[in-house]
Amino acid sequence: MSGIYIHIPFCKQACHYCDFHFSTSLKKKYDLVKALAIEIEIRKDEFKDTVVETIYFGGGTPSILTNDELQFLIDVVQSNYEVVKHPEITLEANPDDLSKERIIELSNSSINRLSIGIQSFFESDLKLMNRAHSATEAKACLSIATQYFDNISIDLIYGVQGASHEQWMKNIDIALSYNMPHISSYALTVEPKTALASFISKGIIGDVDDDQAHEQFHMLKDKLEEQGFVHYELSNFGKEGYFSKNNTAYWQGKSYLGIGPSAHSFNGNQRGWNVRNNSKYIRAIEQGELPMEIETLTKTDQYNEYIMTGLRTIWGVSLLKVNSDFGESYKNYLIQQAEVFINQHLLYIDDEHIRVTKKGQFLSDGIASELFKINLS
């Protein structure tokens with residue numbers, strides 16, 4: 001089973017924290033949609049022995065596309081790939097695009113899962129982030145969306161400058177009041193060359209507070225687990241039966257195709273990424289070329305990737321898999337490197353799996369990097 005990710009590189013305005021590839025000009029939207037369809041078709045042989053289980057529209061802001069444009073791309077996938085009978089088809093959407101009429105249209109389409117970029121229910125946070133929607137729109141769209149969609153995820157951001165613990169808890173409580181089955185939550189991070197980084201460097205706003213983010217992460221975890229959510233990946237909480245199939249495939253090392261400018265692909269042995277420029281992408285596709293760079297992963301690269309993704313999840317890192325896929329020397333190295341973190345109660349071994357403790361979860365990426373192998377054939 002595998003997935004197809006389709007990157008829609010358009011947004012109404014630039015969020016201050018975002019470093020994803022997008023454009024606020026829609027002039028090339030028609031040409032881009034055509035190019036996406038061509039790429040989907042010309043790459044079908046990459047999945048000739050694979051069944052597609054998920055289709056995911058990410059961005060950018062995929063809800064900028066019309067329902068007809070979205071359905072057109074879904075139809076191209078369906079006609080060129082073997083797809084399971086009931087695939088998970090997710091649309092990332094912003095509240096300002098989700099009017100009642102639009103939600104009803106989407107509920108009558110092939111899309112069966114919405115991932116809504118709420119980020120916060122407070123105007124002060126939304127203004128700092130330069131989000132296109134208001135707190136009122138965020139609440140209104142959820143009131144309607146929950147009437148027409150069962151499978152909904154929302155995004156929330158913690159560690160926002162000036163947002164108290166009390167305000168963060170109110171954000172969580174408001175989200176829970178809509179009976180969300182899935183919540184993705186991320187710490188506000190300062191990426192280079194973003195407006196947020198510029199504002200901080202100029203002293204216009206204060207820097208992010210790691211301690212605040214750490215505390216708010218644990219507030220979120222405790223509250224959601226108390227409400228029956230499973231913390232199945234570092235940034236993701238889902239009720240049973242509502243884990244993101246698309247993202248779970250990434251963390252479990254399954255193959256996926258990334259369609260569109262800047263989209264990444266993975267087949268187990270190679271990683272590829274498309275050019276991060278709409279015009280160059282369209283021009284190359286129109287000429288029948290794939291504007292993609294490809295990296296062949298070494299055995300060590302594959303091991304490191306497995307460690308990074310595995311430690312972020314409830315499934316952890318299987319010592320048996322490391323032994324069978326990479327060899328006994330890798331397994332022994334992993335156990336040796338993990339020992340210091342086990343002694344610090346950041347990792348533990350259970351049923352031949354290495355997992356992070358509650359204390360270690362917020363630090364899992366840093367811990368993983370300490371378990372990496374370097375300069376091995």
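This is a predicted model: local features need pLDDT of at least 70, side-chain atom pairs count only at pLDDT 80 or more; totals for chains, interfaces and linings use all residues.

Start by selecting Glu 101, which counts as exposed at 54% relative accessibility; here buried means under 20% relative accessible area, exposed over 50%, and partly exposed in between, with a 1.4 Å probe and protein chains only. Glu 101 sits in helix H3 (residues 100–107). Helices (H or I, at least four residues) and strands (E, at least two) are DSSP runs, numbered from the N terminus.

Residues are numbered from 1 along each chain as its sequence is written, and side-chain values use heavy atoms, with hydrogens and water left out.

**Stop two: a parallel pair**

Select strand E1 (residues 2–8) and E9, which run parallel and are joined by four bridges; strands pair if DSSP finds at least two bridges between them. Now show the side chains of strand E9 (residues 256–259). Are its faces covered or open? Both are covered: Tyr 256 and Gly 258 on one side, and Leu 257 and Ile 259 on the other, are all buried.

**Stop three: an open sheet**

Next, select E13, E14 and E15. These three strands form an open sheet in the order E13-E15-E14, with antiparallel pairing. Strand E13 (317–318) and strand E14 (347–350) are at the edges with a single partner strand each, so one side of each has no neighbour in the sheet. Four bridges pair E14 with strand E15 (residues 353–356) in the antiparallel sense, and Val 356 in E15 is the bridge partner of Leu 347. Then bring in helix H13 (residues 328–343), which lies across E13, E14 and E15 and runs at about 125 degrees to E14. Contact means heavy atoms within 4.5 Å; axes are lines fitted to C-alpha atoms, for helices over the stretch in contact, and angles run from 0 to 180 degrees between N-to-C directions.

**Stop four: salt bridges**

How many salt bridges are there? The count comes to 14, where a salt bridge is a side-chain nitrogen of Lys or Arg within 4 Å of a carboxyl oxygen of Asp or Glu. Select Asp 222 and Lys 358, which form one with the closest N and O atoms 2.7 Å apart. This pair links distant parts of the chain, 136 residues apart: Asp 222 is in helix H8 (residues 210–226), and Lys 358 is in the loop between E15 and helix H14 (364–371). Asp 222 is partly exposed, at 36% relative accessible area, and Lys 358 is also partly exposed, at 43%.

Move on to Arg 312. Its side chain meets that of Glu 233 in a salt bridge (2.5 Å, N to O), and both residues are buried. Arg 312 also forms a salt bridge with Asp 365, with 2.9 Å between the closest N and O atoms. Asp 365 lies in helix H14, 53 residues from Arg 312, and counts as partly exposed at 31% relative accessibility.
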